[in-house]
Amino acid sequence: MIKKRLLIFLVLPVLFASCGQKRFYDETYGYKIDETAEEVIPVDDNYRNYYEIFVRSFADSNGDGIGDLNGVTEKLDYLSDLGYSGIWLMPINTSPSYHKYDVSNYYEIDKSYGDIDDLKNLINKAHEKNIKVILDLVINHSSLFTKEFKLASDAYNKFINNKELNENEKRYVDYYSFFENKEDPNSRGKTLYKNPYYNFYYEGNFSSEMPEFNLDSEYVREDFEKIMKYYLDLGVDGFRLDAVLYYFINNTEKNIETLKWINNYVKSLNPKAYIVGEAWSSAEIIQRYYESGIDSFFYFPASTAYPDGLYINSTNMDGRMVESFYEGLEKINKTSDKGIPAPFIDNHDMSRYVRVTSPEKTKFYFGLLSITNGTTFTYYGDEVGMSGNNPPDQNVRTSVKWGEDGKYDTVQLSGVTTVDYPYGTVKENLENENSILNYYKKANYLRNKFPEISRGKLSLLTADKDKGLLIISKDYLNEKIDIAINFKENDNIILTTSDINNKKVVGQLVVDNVKFIGELKDGSIILPPYSIAIFK
């Protein structure tokens, strides 16, 4: 297996003697602790750092102004260097919309993105770098403009008019969720639209152009099994399942049963496949959905979709939320005790979390995400501080600025109302040792280096809201680490030798590289504001 080394950036000089070394000393922070850049064995399970990509706005390989699969392939080195070992591609199939969540052909790649050979190449190149590729699988609805919708409409019209159906019509008569009239009691809670061909209605909970499949239909399930097998055979490593709460609205039991079917089928073909579901709901509802056997569900209560989202809310009251933050970590673990947690801060449906006036807070939020159990998800562009508020959703799907004289840059989406790049291009972030990007890189490196972070049993050592100090431990396969966090925005915290139980700092995240986690002459440790130290 290929092994990698992370270049750890040091802003402050370290003084060396001829044969030995002289440790750098600062009057405020004491001796600088130099971490070892030990070789790291790549992740070989599903506890990974995933990166979500909206292909349209990511990287344009052919100069037509539209991001494409080859652009993603050409940026795999960039993603690997940042410590990502998984990518989630938002929908890439043929579709009439810019977002492509209304698929018109599940076997075709949208021509603006490339073709099947481009997808194969991307998968193969990603696997060479130990990066897994999962696809967005939109299984609850399609585009209105599909041959299947027309066939189904024709068949249902014959059915309600008491005409005999041939075998093909019997296959399609209940392929979509149709209703003869709006008063049908089975339509409660659903959004109905008039069929464009006949005088009856169809369910379309997201748009009039996105009719819902009837997932009770054995033929729908048959066809989706063929679709899933097709992509798994190509080498895809799993799927992200869109809007699982809407498979059957207000029917958790049927949704869970549907997810069990998906999970069982996928795992029968590839037991190591990874599936993550979008169940945008409370912790209690998310917990129920793990009964399906699906590996992960996104933990929405921690995200920017909620005003008290865990990572951002934890910085309120200047450190006095430390107990609340720990309780949030416990809840994430409990919610997913039958699977793998999937924490994240933002995604393509919500405002970006970047704080334009505070790169320090922006980094710290990601640092808190990076010490959470499970498989983390990063939204493309967050690593360079891209900002944007939703609505409209185009504002959070803007183009990456690579800083390579326009190469790879894409044309902005129609409908974007604000475009802001407060922290510069990717190139500028790569060259700035104190950038958000390099903080992300370090955080991901630590997750990969210490499997206890993503997999360990969590326990509380110290929660001092007056100091703004939280110390937790994580235990995995008889290896244990402690993690100390300073939630204060401006104040240092001194940890005594008893606080750290004589353990050594083996990893650190600081939001300002001018400051560092240092060791005083008496052995105590100084934590700068918004810093995270790993002890072993």
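These legends go with a set of close-up views of a predicted model.

**View 1. A parallel, open sheet of 7 strands.** Reading across the sheet, the strands run in the order E13-E12-E11-E7-E4-E3-E14, with parallel pairing. Strand E13 (296–297) and strand E14 (376–379) sit at the edges with a single partner strand each, so one side of each has no neighbour in the sheet. Look for Val276, which stands opposite Ser296 in E13.

**View 2. Arg447, a buried charge without a salt bridge.** Arg447 belongs to helix H13 (residues 436–449). Its side chain is buried yet makes no salt bridge: Asp45, the nearest side chain of opposite charge, is 9.1 Å away.

**View 3. Helix H11, largely enclosed.** Of the 12 residues of H11, 9 are buried, so the rest of the structure largely encloses this helix. The buried ones include Lys363, Phe364, Tyr365, Phe366 and Ser370. The length checks out too: at 1.5 Å a residue, helix H11 (residues 359–370) should span 16 Å, and its end C-alpha atoms are 16 Å apart.

**View 4. Arg171 and Asp223, a buried salt bridge.** The closest N and O atoms of Arg171 and Asp223 are 2.6 Å apart in this salt bridge. Arg171 is in helix H5 (residues 167–172) and Asp223 in helix H6 (residues 218–234), so the pair links distant parts of the chain, 52 residues apart. Both partners are buried.

**View 5. Arg320 and Asp466, a salt bridge between two loops.** Here the closest N and O atoms are 2.9 Å apart. Arg320 comes from the loop between helix H9 (310–313) and helix H10 (322–335), and Asp466 from the loop between strand E15 (457–464) and strand E16 (469–476), so the bridge ties together parts 146 residues apart in sequence. Arg320 is partly exposed at 36% relative accessible area, while Asp466 counts as exposed at 55%.

**View 6. Glu479 and Lys536, another salt bridge.** These two side chains meet at 3.1 Å, N to O. Glu479 lies in strand E17 (residues 479–486) and Lys536 in the segment after strand E22 (532–535), so parts 57 residues apart in sequence are tied together.

Conventions: Residues numbered from 1 in each chain as written. Predicted model: local features only at pLDDT ≥ 70, side-chain atom pairs only at ≥ 80, totals over all residues. Heavy atoms only, no water. Pairing = 2+ DSSP bridges. Helix = DSSP H or I, 4+ residues; strand = E, 2+ residues; numbered from the N terminus. Buried < 20%, exposed > 50% of the residue type's maximum accessible area, 1.4 Å probe, protein only. Lys, Arg positive; Asp, Glu negative; His and termini not counted. Salt bridge = Lys/Arg side-chain N within 4 Å of Asp/Glu carboxyl O. Expected span 1.5 Å × (residues − 1).
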